Amino acid sequence: MFNSKFGSIPKFYVRAPGRVNIIGEHIDYCGYSVLPMAVEQDMLIAVEPVKTHTLKLANTNPLYPDFTTSASNIQIDKTKPLWHNYFLCGFKGIQEHFGLSNLTGMNCLVDGNIPPSSGLSSSSALVCCAGLVTLTVLGMNLSKVELAEICAKSERYIGTEGGGMDQSISFLAEEGTAKLIEFSPLRATNVKLPSGAVFVIANSCVEMNKAATSHYNIRVMECRLAAKLLAKYKNLQWDKVLRLEEVQAKLGVSLEEMLLVTEDALHSEPYSPEEICRCLGISLEELRTQILSPNTQDVLIFKLYQRAKHVFSEAARVLQFKKICEEAPDNTVQLLGELMNQSHVSCRDMYECSCPELDQLVDICRKFGALGSRLTGAGWGGCTVSIVSADKLPSFLENVHKAYYQRSDDCLAPEKQSLFATKPGGGALVFLEA
């Protein structure tokens, strides 16, 4: 296909995997550890560097049109999250990191088998893949950690205020193990998953594009505002605080104690912008220009108590999950399942990032033998992840397929019917032609 598009053959190939977040939802951008694993599905790019300064992008999927631009003048349109803009994020991130203006051109053909807008991080995998492609064409070197940090930062060019989990696992993943990913400084620790269990991913068939909706960025802002109000309540320098984890670190208390502080400091009724200004002693103009992001300036209510409660309780569940995996008691799988179930309830009720289809799919998965099931990824659509005893897998897959996919109109298209067991896959790679 590369030959038919460009009349030549690629010099090398790059792959970057998608990921499933087993537990730790919406807490990476609050500074807390998460527990993802790479999936076997990935993005693949075939690359040929060219002498011109033109970047030509094509996709094996006819739904995604070809795109050509000057390599020296990268413009990323935040208003429309088109597929090629994710490639440009990775390209521009590397370009800016090295301070280069006159970049070599290339012909690239992109292929991927991560279901789009499904919460398995297809967009971040494309950003990471493009970053690694650009680095390879330039003949430069960076560590995996540096690459992950550059790609996490550059994905924000498209307007998504992500936290860095997706890019980190795409580069740092190793086959056969999940990873506890910690931030500032970024590091990854192996977490051995129980051998008698498998993780099954099921697509709800409801697509959610983080960059095309405001739900995600509003949650990021609610967490930031909650951090500032908690810091003010505890007489900390609130104007410097951006993340909930910073408040905990400055107070030097446990996550359980942070939940108690939240109960004392915040009320469960939504906050108006005016009330937030009164609490912080600032004007509406200061709130809009100095704290809120452009796409959250018109939001009328902020649910600070609910978001903070979710973040602190979810951060504690991640640490419990890792501890159970390390200690491996007899009922490991059962205990891990319970934590996943608690996580889904918190995502649904406190963070409000589920949807009726995800809740229905979680119920079906539990009904047919999942010991735990939860939404994974940003939510509002996308996938669930379930922990299932290995011996129950065949009947589980068959029953869930019948109960959810055969009677849901949205899921009639076979390519949407993603229901598969996965094991931890490896990270991003460059394949050089012999």
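The legends below describe several close-up views of a predicted model.

**View 1. An open sheet of 6 strands.** The strands of this sheet follow the order β4-β3-β5-β2-β1-β12, and their pairing is mixed. Strands of a sheet pair through backbone hydrogen bonds, and this pairing can be either parallel or antiparallel. The edge strands here are β4 (67–70) and β12 (429–432), each of which pairs on one side only. From one strand to the next, the twist averages 20 degrees.

**View 2. The pairing of β3 with β4.** Strand β3, made of residues 54–59, pairs with β4 in the antiparallel sense, and 4 bridges join the two strands.

**View 3. Helix α3 lying across strands.** Helix α3, which covers residues 122–138, lies across β1 (12–23), β2, β5 (105–112) and β12. The direction of helix α3 is at about 145 degrees to that of β1.

View 4. Aspartate 42 is found in strand β2, which spans residues 35–50. Is aspartate 42 buried or exposed? Its relative accessible area is 16%, and because buried means under 20%, aspartate 42 counts as buried. The side chain of aspartate 42 makes a polar contact with the side chain of arginine 15, at 2.9 Å. When residues up to four places away in sequence are not counted, aspartate 42 touches Arg15, Ala16, Pro17 and Gly18, and it also touches Asp111, Gly112, Asn113 and Ile114.

**View 5. Cysteine 383 in strand β10.** Cysteine 383 lies in strand β10, and with a relative accessibility of 0% it counts as buried. Leaving aside neighbours within four places in sequence, the residues in contact with cysteine 383 include Ser118, Leu120, Ile201, Ala202, Leu358 and Arg374. Cysteine 383 and glycine 162 are 221 residues apart in sequence, while their C-alpha atoms are 18 Å apart in space.

**View 6. The packing of helices α6 and α9.** Helix α6 (residues 215–233) and helix α9 (residues 273–280) pack at an angle of about 30 degrees, and their axes are 10 Å apart. The crossing of these two helices, α6 and α9, is left-handed. On the α6 side, the contact is made by Leu225, Lys228, Leu229 and Lys232, and on the α9 side by Ile276, Cys279 and Leu280. The residues of this contact of α6 with α9 divide into 5 nonpolar and 2 charged, with no polar ones.

**View 7. A cis peptide bond in a loop.** The peptide bond that runs from serine 184 to proline 185 is cis, and its omega is near -5 degrees. Proline 185 is found in the loop between β6 (178–182) and β7 (187–191).

View 8. Alanine 328 is not a glycine, although it has a positive phi of about 45 degrees. The place of alanine 328 is in the loop between α11 (304–327) and α12 (332–349), and at 48% relative accessibility this alanine counts as partly exposed. Tryptophan 380 has a positive phi of about 55 degrees, and it is not a glycine either. Tryptophan 380 is found in the loop between β9 (372–376) and β10 (383–389). At 11% relative accessibility, tryptophan 380 counts as buried.

Notes
Residues numbered from 1 in each chain as written. Predicted model: local features only at pLDDT ≥ 70, side-chain atom pairs only at ≥ 80, totals over all residues. Heavy atoms only, no water. Buried < 20%, exposed > 50% of the residue type's maximum accessible area, 1.4 Å probe, protein only. Polar contact = N/O pair within 3.5 Å; in protein donor to acceptor, adjacent residues only side chain to side chain. Contact = heavy atoms within 4.5 Å. Axes fitted to C-alpha atoms, helices over the stretch in contact; angles between N-to-C directions. Left-handed = near helix turned anticlockwise from the far one by under 90°. Nonpolar A, V, L, I, M, F, W, Y, C, P; charged D, E, K, R; others polar. Pairing = 2+ DSSP bridges.
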